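Please look over the sequence and the structure shown below, and then read the short report that follows, which takes up a few features one by one.

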Amino acid sequence: MKIQGKLFIWLSVFMLAMAVTYGVWSKEPVGTTALVLSFGLTIMIGFYLAFTANRVDAMAQDNKEADVADEAGEVGFFSPHSWQPLSLAIGGAFLFMAVVFGWWLAYFSAPLLLVGLFGWVFEYYRGENRTQ
């Protein structure tokens, strides 16, 4: 985590330099404010990561001699045959189209979203894929 803290601190230095440069050249307050706020966010994240790096064990990215496989581990479980994300995507697309074309379309997208959501959550609690 030490390297991430250093990266964010250097990024915050860059953001501050760009905020000053942008503010002097453009004299435009909105963009300057956005860059100053970006500086604030990056310095907070960088300080947090640098502060907590002393309290946690060294990770593989902190070792210059480390290999990619040193941090390898189980990423997670991904269902290879699930149709539920497709239902969620279609329902979400219809819901976002309801903002453009009319809220009546939300009545058709809500059941698709609910079926997809409940199907995805309870996919391994029923049927042939049921686990104890």
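## A nonpolar patch on the surface

In this predicted model, a nonpolar patch on the surface is formed by W83, L86, I90, F94, M97, V99, V100, F101 and W103, which together have about 1,000 Å² of accessible area. One member of the patch, W103, is found in the loop that runs between helix 3 (84-101) and helix 4 (106-121). W103 counts as exposed because its relative accessibility is 59%, and the cut-off for exposed is over 50%.

## Aromatic pairs

When the whole structure is searched, four aromatic pairs are found. One of them joins W104 and F108, whose ring centres are 6.2 Å apart and whose planes stand at 80° to each other, so that the pair is edge-to-face, since planes over 60 degrees apart are given that name. Both partners are exposed, W104 with a relative accessible area of 51% and F108 with one of 53%.

Elsewhere in the chain, F118, F122 and Y125 form one aromatic cluster.

## Annotated transmembrane regions

The UniProt record, an unreviewed entry, places the feature "transmembrane region" at residues 7-25, 31-51 and 110-127.

Note on methods
Residues numbered from 1 in each chain as written. Predicted model: local features only at pLDDT ≥ 70, side-chain atom pairs only at ≥ 80, totals over all residues. Heavy atoms only, no water. UniProt positions renumbered as here; feature names shortened; annotations may be inferred. Phe/Tyr/Trp six-rings, centres within 6.5 Å; stacked < 30°, edge-to-face > 60°. Buried < 20%, exposed > 50% of the residue type's maximum accessible area, 1.4 Å probe, protein only. Patch = residues over 30% accessible without salt bridge, like charges linked within 9 Å, V, L, I, M, F, W, Y side chains within 5 Å. Areas by Shrake-Rupley, 256 points an atom, 1.4 Å probe, with all protein chains shown as cover. Salt bridge = Lys/Arg side-chain N within 4 Å of Asp/Glu carboxyl O. Helix = DSSP H or I, 4+ residues; strand = E, 2+ residues; numbered from the N terminus.
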